[in-house]
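Let me put the structure up, and then I'll walk you through it.

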Amino acid sequence: MKNILKNIVALIILGVAIFVFRGSIEKGYFMLQDQYFPCSRTISYSVGTIDPSFGISKENFLSDIEEAENVWEASIDKKLFTYETEGGELTINLLYDNRQATTEQLKSLNNTLNSDRSFYNDLKNQIDILKADPNPDVNKINSLIGELNQAAVSFNSQAKEYNAAGGSLGNEFEEGLYSSDQSGKRIDIYQFENKDKLVRVLMHELGHALSLDHVNNPKAIMYQTNNGDNLTLTADDINELKAHCGIK
Ligand SMILES: [Zn+2]
């Protein structure tokens with residue numbers, strides 16, 4: 001009778017321990033599975049923070065993530081990620097800081113520069129046409145030349161502002177970051193110029209979430225910087241994934 005009681009107590013303790021440590025047990029199990037049977041399970045992800053300063057809705061962000069996800073999955077015809085409304089093991093965040101603020105400033109300065117440039121060129125054309133006249137209107141030409149000089153001054157000051165803003169970004173332009181630590185797996189996206197660049201940086205960070213390393217082809221999605229415009233994987237990217245998943 002004593003023995004039975006002992007066994008029951010031991011079973012209860014074991015049950016409580018499994019319940020208390022179920023999170024760690026699951027994590028440990030996933031780690032072993034990832035190590036010995038890579039790509040045999042899907043990685044679940046949820047959307048965490050979307051800073052409203054980006055002006056992007058959750059639906060649009062999700063569809064960009066799905067687009068990035070599908071490219072990897074189609075390349076080996078295998079489901080690699082699953083979306084979960086909340087509690088996924090991978091959290092994807094859109095975090096706003098000076099990187100995106102500067103990107104937007106550069107975009108608007110670039111627009112001003114382009115319109116200044118076309119204003120300057122229009123003036124120059126008008127002057128050339130007037131000058132070509134056999135009886136040129138000298139007063140009109142001089143007044144246009146005055147305007148032209150002012151346009152040049154404004155263009156130069158805009159260009160200086162543009163360079164200063166660009167310089168403040170420095171060399172390290174980290175658009176996104178994948179991290180895995182005690183608190184879990186995370187993808188933090190900080191900067192993108194347009195939708196395509198966002199999908200590209202998502203593809204890159206999802207690649208890291210699949211344990212892929214950088215490859216040495218500037219056109220590759222897994223290249224260290226977001227250089228290209230292609231939304232397709234290069235052969236180097238696919239080979240990296242196949243090698244990791246043990247697919248020939
Ligand atoms: Zn990277």
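Okay, let's start at phenylalanine 54, which is buried, with a relative accessible area of 10%. Buried here means under 20% relative accessible area, exposed means over 50%, and partly exposed is in between, with a 1.4 Å probe and protein chains only.

Quick housekeeping. This is a predicted model, where local features need pLDDT of at least 70 and side-chain atom pairs count only at pLDDT 80 or more, while totals for chains, interfaces and linings use all residues. Numbering runs from 1 along each chain as its sequence is written, and side-chain values use heavy atoms, with hydrogens and water left out.

Now the aromatics. Rings of Phe, Tyr and Trp (its six-membered ring) pair if their centres lie within 6.5 Å; planes under 30 degrees apart are stacked, over 60 edge-to-face, and the rest tilted. How many aromatic pairs does that rule give? The count is 4. Take tyrosine 45 and phenylalanine 81: their ring centres are 6.4 Å apart and their planes are at 70 degrees, so this pair is edge-to-face. Tyrosine 45 sits in strand S1 (residues 43–50) and phenylalanine 81 in strand S2 (residues 81–83), so the pair ties together parts 36 residues apart in sequence. By the way, helices (H or I, at least four residues) and strands (E, at least two) are DSSP runs, numbered from the N terminus. Both of these residues are tucked away: tyrosine 45 is buried at 1%, and phenylalanine 81 is buried at 0%.

Back to phenylalanine 54, then. Its ring and that of tyrosine 96 have centres 5.2 Å apart and planes at 80 degrees, so that's edge-to-face as well. Phenylalanine 54 is in the loop between S1 and H3, and tyrosine 96 is in the loop between strand S3 (90–94) and H4, so the pair ties together parts 42 residues apart in sequence. Tyrosine 96, at 27% relative accessibility, counts as partly exposed. One more on rings: Tyr45, Phe81 and Tyr83 form one aromatic cluster.

There's also a charge over a ring, which needs NZ of Lys or CZ of Arg within 6 Å of the ring centre and within 35 degrees of the ring normal. Arginine 99 lies over the face of tyrosine 190, at 3.9 Å from the ring centre.

Next, the metal. Which residues coordinate the zinc ion? They are His204, His208 and His214, each through NE2, at 2.0 to 2.1 Å. The donors follow the spacing H-x3-H-x5-H along the chain. Histidine 204 is in helix H6 (residues 195–209) and histidine 214 is in the loop between H6 and H7, 10 residues apart. A donor is an N, O or S atom within 2.8 Å of the metal (3.2 Å for Na, K and Ca), and water is not among the atoms, so sites may look incomplete. Histidine 204 counts as buried at 9% relative accessibility, whereas histidine 214 is partly exposed at 42%.

On to helix H7, residues 235–245, whose buried residues are Asp237, Leu241 and Cys245. They cover an arc of only 60 degrees around the axis, which puts them on the same side of H7; that arc is of the directions from the helix axis to the C-beta atoms. On the other side of H7, Ala235 and Ala243 are exposed. Helix H3 (58–76) is among what covers the buried residues of H7. Contact, for the record, means heavy atoms within 4.5 Å. Just after H7, glycine 246 takes a positive phi of about 70 degrees.

Cysteine 39 has a positive phi of about 70 degrees, in the loop between helix H2 (22–36) and S1. Aspartate 77 has a phi near 50 degrees, in the loop between H3 and S2. Buried or exposed? Cysteine 39 is buried at 11%, and aspartate 77 counts as exposed at 72%.

Last, the overall picture. The protein has 7 helices and 5 strands. Its radius of gyration is 28 Å, well over the 18 Å that the globule rule gives for 248 residues, so the protein is more spread out than a compact globule. That radius is taken over C-alpha atoms, and the rule is 2.2 Å times the number of residues to the power 0.38. The C-alpha atoms fill a box of roughly 120 × 40 × 30 Å along the principal axes. That's it from me.
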